[in-house]
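Student: I would like to learn how to read surface patches and interfaces. Can we work through a case together?

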Amino acid sequence: MRRDAKGQVALEFIIIVGLVTLIVVTAYPVLQKQIELNKALTAARDGAAYGASFRGMSYYTSGTSPANRNPPGVLKITKVTLIPQGVEEASGKTMYQIRIDVRAPNYLSSYENTIEASIRNYARSYVYNAFNGRYQGGFSPVYTNYYKFTFSANMTSGGG
Amino acid sequence: MVLRRWRERHNEAQVTLEGILVSFIALFLILSLVNLQWERFYLAREAGEGGEIKMAGELLAQGINTVYANGEGFSMYIPPDVLNYSRMQASGSITGLGMSVITINTSSRRIILSKGPSRTGGATWNISISIIPESIARLNPTSEYRETTIYNNGTSIIIYASSGNIKVV
């Protein structure tokens, strides 16, 4: 009897573990949705930073015409925002636009379109990679279990 | 008797259920943080690789311009610890940069360096750095002119480097 009294799990503990398990199982879909949103936002910020750092060093991708190759300059990601876009009827997924705001010196204003495209595309590539593996190109929205993400970049010039 | 002793011995140093639960939760949290940091690590690493490739190009351009400006007979040697092609061309290793063969375009008077796409996907990155001379040729390294020697022969700038490292077009 004394031997069996050792190493027993207390009844209170079983109740608490049961309750915690119940809460976790019930909250799992909600948590999963929030995790997906955070993961997408983090990946988009990383991708935008990657695109901005390479374009800032004046790298360009193959096929870019010489007129669109910008000189070096500091490109700062100032804000990454999730903009709700409603629910897509066909898939039932919640749609969000990930908007990336970039600040650039004045002398880069004429390269606005291509810089925005690079930042937008690398945000897309990083978000795609976070959920679906290596990005194969294209400009489609990224679908996850619960969401559909589209991307936009907005460059403002000033100073420099 | 034997069974009792065995039980007594094994009653000690047992892992409690609480211990196991706490360990699993801690492991789960740590693993999620490792994953997050790993992605950041790759981002920082790739941006650093891009910067290093650009610096290599700037160095080569500066070497070519200096040799050109100093006239006939002037030469400059860039040792392999400064311009290490095999390290820069390696990809996958921590020190590799994933750089392609350096191209010197004489008609546009530019050095073009390329870096493989991001590990998440995308396109190849290129960077071009302007140089002054347009008459440039590449020759294989010799015992007298080791890789990478830049030499001004009075009419052209000769770069002694293997074709797998630098090509002149």
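Student: Which residues make the nonpolar surface patch?

Tutor: A patch joins residues with over 30% relative accessible area and no salt bridge; nonpolar side chains (Val, Leu, Ile, Met, Phe, Trp, Tyr) are joined within 5 Å, like charges within 9 Å. Areas follow Shrake-Rupley with a 1.4 Å probe, and for residues only the protein chains shown count as cover. Here A:Leu11, A:Ile14, A:Ile15, A:Leu19, A:Leu22 and A:Ile23 form a nonpolar patch of about 620 Å². This is a predicted model: local features need pLDDT of at least 70, side-chain atom pairs count only at pLDDT 80 or more, and totals for chains, interfaces and linings use all residues. Side-chain values use heavy atoms, without hydrogens and water.

Student: Is A:Leu11 buried or exposed?

Tutor: A:Leu11 counts as exposed because its relative accessibility is 59% (exposed is over 50%, buried under 20%, partly exposed in between). A:Leu11 lies in helix α2 (residues 11–56) of chain A (a helix is a DSSP run of H or I, at least four residues).

Student: What area is buried between chain B and chain A?

Tutor: Interface size is often given as the accessible area lost when the parts come together. Summed over both parts, chains B and A bury about 2500 Å², with 58% from carbon and sulfur atoms. B:Leu43, B:Thr120 and B:Trp125 supply 29% of the area chain B buries against chain A, more than any other three residues.

Definitions and conventions
Residues are numbered from 1 along each chain as its sequence is written. Chains are lettered from A and ligands numbered from 1 in the order in which they are written. A salt bridge is a side-chain nitrogen of Lys or Arg within 4 Å of a carboxyl oxygen of Asp or Glu. Helices (H or I, at least four residues) and strands (E, at least two) are DSSP runs, numbered from the N terminus. Buried means under 20% relative accessible area, exposed over 50%, partly exposed in between (1.4 Å probe, protein chains only). Buried area is the accessible area (1.4 Å probe) that two parts lose on being put together, summed over both.
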